[in-house]
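Keep the 3D view open as you read.

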Amino acid sequence: MKAILVNEDKSLRWDDVPDPVIKSDEVLVKIEAAALNRADLMQREGDYPPPAGCPEWMGLEISGEIVQIGQDAKECSSWKLGDKVCALLGGGGYAEYVAVKYDMLMPVPKNCSMVEAAAIPEAFATAYLNLFIEGGIKEGNTLLMNAGASGLASVIIPMAKAFGVRVITTVLTDEIAESIKHLHADRVVVTSKEDIALVLKEELESGHSVDVAIDCLGGEIMGKCIHYLTHGARWIMIAALAGFKTEIDLKNIYVRNVRIIGSTLRSRTPETKAKILAGIVRDVYPKIEAGLVKPTIYAVLPIQEAEAAHDLLYKGKNVGKVVLTVQ
């Protein structure tokens, strides 16, 4: 089969690799689409190696068709040949085929295309993990989701709204704010014109303070914002694109019982990931099939144009997910 490999100069090529051989508890999926994530860029740069046993090529989420099923997978699941599925991977999605453990698969939701389905597993699992498991968010709470134009925000914002959560998000410009109107965040803070720390102070004083923050930016502003949260709030760090260091008033943390939580999906055990996927099918799929939550697709390119697709993420041009299709 073919897969996207990284050259020594970090450029990409579509080249021959060995066909996957499934284990007894795995299925073989013929890939139709693979969604991009920032972790793919990190892996390409050599900063985010795949877990042991995973293929060397990138790709954390795919959709496709089951074409082979191992014996244990047959006995432990209800998957059948020809089932249309989407899957969460440790790696290996930028290819024609991938071997996947049976409990890392989800059915394609009834009203989703295969392109949309490919954009579900990683982003929805990250959203579910941080909203409900780490964040313990509840109806009536307020969420701060930084970087509102990101692919992850395009999932987290509507997911939170579907469960009765008030959402504040941040963007850099009025133009970007306009582009995410369809997500229906309750308050969009344009940080080139407003100070998000002062906005959160205002929200606290007016009785609408943030209960859960999901932060992929970090940097100096994180330490300023964390002073203005609900008593017992959770600030969840999932990345630090704006800087790895900040200054925090520790007294504020313990007096207000604020928790700072570091969280990545990739580091979770396979058993934990399987539980997250089962939770998505149980709790979130009804919202997807009712049209309340859906991935936002920014661009669709053939997999041979993976380099151009990566450039969209490198340049921050995408509002929503970028997806590669495999013919």
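A residue counts as lining a cavity or pocket if it has an atom within 4 Å of one of the grid points, and a cavity is a set of points where a 1.4 Å probe fits but cannot get out. The model you are looking at is predicted. Rolling a probe the size of a water molecule over the atoms shows where empty space is left.

A search of the whole structure turns up one cavity of 30 Å³ or more, and about 40 Å³ of space lies in the largest cavity. To find the largest cavity in your viewer, select Leu60, Leu88, Leu89, Glu122, Leu265, Arg266 and Lys273, which line it. By class, this lining consists of four nonpolar and three charged residues, with no polar ones. One of these lining residues, Arg266, also lies over the face of Tyr48, at 4.4 Å from the ring centre.

Now move on to the open spaces. The largest pocket has a volume of about 1400 Å³. Its lining comprises 50 residues, and those nearest the centre of the pocket are Arg38, Ser150, Cys216, Ala239 and Leu241. Several elements each supply at least two residues of this lining: α1 (38–44), α4, β9, α6 (174–179), α8 (219–225) and β15 (321–325). Of these, which gives the most to the lining of the largest pocket? That is α4, with four residues. Sorted by class, the lining of the largest pocket holds 29 nonpolar, 15 polar and six charged residues.

The second largest pocket has a volume of about 720 Å³. Here 30 residues form the lining, and Glu26, Gly53, Cys54, Gly90 and Ala99 lie nearest the centre. Two or more residues of this lining come from each of β6 (97–101) and α10 (270–289), and β6 provides the largest share, five residues. The lining of the second largest pocket divides into 17 nonpolar, four polar and nine charged residues.

The structure holds two aromatic pairs. In one of them, Tyr128 and Phe132 are tilted, at 5.3 Å centre to centre and with 50° between the planes. Tyr128 is buried, with a relative accessible area of 8%, whereas Phe132 is partly exposed at 23%.

Phe132 also pairs with Phe163, this time edge-to-face, at 4.9 Å centre to centre and 70° between the planes. Because Phe132 lies in helix α4 and Phe163 in the loop between α5 (153–162) and β9 (166–171), this pair ties together parts that are 31 residues apart in sequence. Phe163 is partly exposed too, with a relative accessible area of 24%. Together, ring pairs link Tyr128, Phe132 and Phe163 into a cluster. To finish the picture at Phe163, look for Lys287, which lies over the face of this ring at 4.8 Å from its centre.

Note on methods: Residues numbered from 1 in each chain as written. Predicted model: local features only at pLDDT ≥ 70, side-chain atom pairs only at ≥ 80, totals over all residues. Heavy atoms only, no water. 1 Å grid on protein atoms, 1.4 Å probe; cavity = no way out; pocket = protein on both sides within 12 Å on 5 of 7 lines; lining within 4 Å. Points joined across faces, edges and corners; volume = space filled by probe spheres on them. Nonpolar A, V, L, I, M, F, W, Y, C, P; charged D, E, K, R; others polar. Phe/Tyr/Trp six-rings, centres within 6.5 Å; stacked < 30°, edge-to-face > 60°. Buried < 20%, exposed > 50% of the residue type's maximum accessible area, 1.4 Å probe, protein only. Lys NZ or Arg CZ within 6 Å of the ring centre and 35° of its normal.
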